[in-house]
Amino acid sequence: DRIREFASLLRQIRHFFQSERDYLEVESRLLRSTGSFEAHLDSFSVIRSGVRKSPLGIKSQSGDRAGYLITSPEYGLKAALAGLRSSCFQIAHCFREGDQGDWHREEFLMLEWYRVQADEFDLMRECFDLLQALSPNRSLIMRKSSVRELLQRHVGIGDWEPETLAQVVRSMGSQLADTPETEYDDLFFFVFLNKVEAHLGKDGPEFVYHYPPALSALSRVEKGVARRFELYWKGVELANGYYELRNADEYIRRCAEENSRRRRLGKTEMDLDPEMLGALRKAEQEHGSGLPECSGIALGLDRLFMVLADTPDMGLDDCMP
C-alpha cells in the first residue's frame with residue numbers, strides 16, 4: 001500500500017508542476033566532481049575499485065576518487081537554469097553522510113524547484129498551493145512568521161545579536177556560550193531548536209522567513225535580513241527556500257566563507273561546482289546575469305510522505321515503503 005501511495009504522490013507532484021504550472025522537469029547528474037561546500041553538509045565520496053583502462057590506454061590505480069554523490073540537485077539545476085531562463089524542477093535521490101535518525105536518512109528523495117520572476121514570498125505561496133493539492137485536507141491555512149517575530153513571541157528577546165543569544169543560552173544552564181569553539185550559528189540554533197521549533201507547524205504548514213544575515217547560506221542578504229525561509233508541519237522541518245543569488249562572483253565569495261568554516265570544523269574543503277560556475281559565467285556574458293530573477297526551494301519527499309500519512313511519530317524507516 002505504501003509503495004502505491006508514494007507512487008501516487010510522485011504522479012500528483014509532476015501533474016502540479018507540468019500540467020498546472022508549465023514547469024520543465026530536468027534530470028541533472030547525481031555524481032558530480034565536487035561535493036557540497038556548505039559547512040553543515042557532508043557529501044559521500046565515491047571511490048573507484050579495481051584497475052580500469054583510460055581512453056589513452058593508461059591504467060589507473062584502484063582507489064582513486066570518481067566524485068561525490070549530491071546532497072541536493074542544486075548545482076545541476078542551477079547550471080540548467082542559467083541557460084533555460086525558465087522555471088524548472090527535479091525529483092532526485094540525494095545522499096548526506098551521517099544523516100541518520102527518526103527523521104533522517106543518508107539516502108532520501110528530494111523535490112527541488114526554481115520559479116523565475118519570483119521572490120521568497122511568491123515561492124511560499126506556490127509551495128503552500130502544492131501542499132494543499134497533495135493533502136487529503138484541502139482546507140489548510142497558510143501561516144508565516146519572521147524569525148524576529150518568533151524570537152519575541154517564544155523567547156522574549158527583541159534581537160538576534162550574539163550576546164543576546166548567549167545570555168539566553170546561559171539562562172538555560174548551558175556552557176555553550178562560554179566555549180571558545182562556539183560560533184554564531186551554534187548559539188542561534190541552540191535557542192531556536194529548544195525554545196521555538198516545538199511551536200511550529202502544529203495547526204498546519206508554517207513558513208519561517210527572514211533569518212539573520214550570518215545564516216544566509218546561498219540566499220540574498222538585503223535590509224539586514226537573509227531572504228530565505230523554512231517550512232514546518234506537524235513538528236517536522238520539510239523545506240528550505242532562498243531568494244536566489246544570481247552571479248558567479250557572489251557564489252565564489254559564499255563558497256570561500258563556507259570553506260573557512262569547514263577548515264575550522266576540520267572538514268575537507270570543497271570547490272564550487274565547475275559545471276554550475278561555467279554556466280553562470282556563460283549566462284552573464286549572454287544575459288547580463290548568471291541566473292534569472294528567481295527563488296528556489298528544496299522539499300524532502302520522504303518527510304512529506306510521512307506528514308501527509310499523519311505518521312511523523314513513526315519515523316521514516318517505519319513509514320516509508
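## Strand S10 and its partners

Arg-143 has Glu-206 of S10 as its bridge partner. The model behind this pairing is predicted. Strand S9 (residues 143–146) and S10 run parallel, and four bridges join them.

S10 also pairs with strand S12 (residues 225–233). Here the strands run antiparallel, with five bridges between them. Glu-206 stands opposite Tyr-232 in S12. S10 itself spans residues 206–211 and is mostly covered. Six of its six residues are buried.

## Helix H9

Helix H9 covers residues 301–308. Eight of its eight residues are buried, so the rest of the structure largely encloses this helix. The buried residues include the charged pair Asp-302 and Arg-303. Leu-301, Leu-304, Phe-305, Met-306, Val-307 and Leu-308 are buried as well. After H9 comes Asp-310, with a positive phi near 60°.

## Packing of H1 on H9

How do the axes of H1 and H9 cross? Helix H1 (residues 2–20) and H9 have axes that come within 11 Å and cross at roughly 110°. Angles of 65 to 115 degrees count as roughly perpendicular, and the two helices are therefore roughly perpendicular to each other. Their crossing is right-handed.

On the H1 side, the contact involves Arg-2, Glu-5, Phe-6, Leu-9, Leu-10 and Ile-13. On the H9 side, Leu-301, Asp-302, Phe-305 and Leu-308 take part. Seven residues of this contact are nonpolar, three are charged and none is polar.

Terms used
Residues are numbered from 1 along each chain as its sequence is written. This is a predicted model: local features need pLDDT of at least 70, side-chain atom pairs count only at pLDDT 80 or more; totals for chains, interfaces and linings use all residues. Side-chain values use heavy atoms; hydrogens and water are left out. Buried means under 20% relative accessible area, exposed over 50%, partly exposed in between (1.4 Å probe, protein chains only). Axes are lines fitted to C-alpha atoms, for helices over the stretch in contact, and angles run from 0 to 180 degrees between N-to-C directions. Angles under 35 degrees count as roughly parallel, over 145 as roughly antiparallel, 65 to 115 as roughly perpendicular and the rest as oblique. A crossing is left-handed if the near helix is turned anticlockwise from the far one by less than a right angle, and right-handed if clockwise. Contact means heavy atoms within 4.5 Å. Two strands pair if DSSP finds at least two bridges between them.
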